[in-house]
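Welcome, and take a moment to look over the sequence and the model shown here.

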Amino acid sequence: TYIVNDNCIACKYTDCVEVCPVDCFYEGENMLVIHPDECIDCGVCEPECPADAIRPDTEPEAEKWVEFNRKYSELW
Ligand code: SF4
C-alpha cells in the first residue's frame with residue numbers, strides 16, 4: 001500500500017485523488033489519507049503529489065503512517 005504522511009498538511013492539491021483508479025483517498029482532519037486495504041499499490045498518485053507526501057509503505061519512515069491512514073480513512 002501507499003500512505004500519506006504529514007507533508008500533506010496544508011497542501012491544497014488534490015491531483016492524487018483525481019488519478020487514483022480505486023478512489024481510496026479519504027479526508028482526514030487536516031490532510032488526506034489512503035485506505036491501506038483499498039489501495040492496489042499502482043503508484044500513479046505518488047508523482048502527482050507536489051509535497052512528496054505519498055510514500056510506499058516499504059520505507060521505514062512510512063510504517064508508522066499505515067495505522068494513521070487506516071484510522072482516518074475508516075471514519076467516513
Ligand atoms: Fe490509489 Fe494507486 Fe495511489 Fe494506491 S497507489 S492510493 S491505488 S493511486
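Which strands do the buried residues of helix 2 pack against? They pack against strand 1 (2-4), strand 2 (25-27) and strand 3 (32-34). Helices (H or I, at least four residues) and strands (E, at least two) are DSSP runs, numbered from the N terminus.

This is a predicted model, in which local features need pLDDT of at least 70 and side-chain atom pairs count only at pLDDT 80 or more, while totals for chains, interfaces and linings use all residues. Residues are numbered from 1 along each chain as its sequence is written, and side-chain values use heavy atoms, with hydrogens and water left out.

Buried means under 20% relative accessible area, exposed over 50% (1.4 Å probe, protein chains only).

| Class in helix 2 | Residues |
|---|---|
| Buried | Trp65, Val66, Asn69, Tyr72 and Ser73 |
| Exposed, on the other side | Glu63, Lys64 and Lys71 |

The buried residues fall within an arc of 145 degrees seen down the axis of helix 2, so they line one face of the helix. The arc is that of the directions from the helix axis to the C-beta atoms.

Asn69 counts as buried because its relative accessibility is 0%. Beyond its neighbours within four places in sequence, Asn69 is in contact (heavy atoms within 4.5 Å) with Ile3, Val4, Val33, Ile34 and Pro36. A polar atom of the Asn69 side chain lies 3.0 Å from the backbone oxygen of Val4.

Note on methods: Polar contact = N/O pair within 3.5 Å; in protein donor to acceptor, adjacent residues only side chain to side chain.
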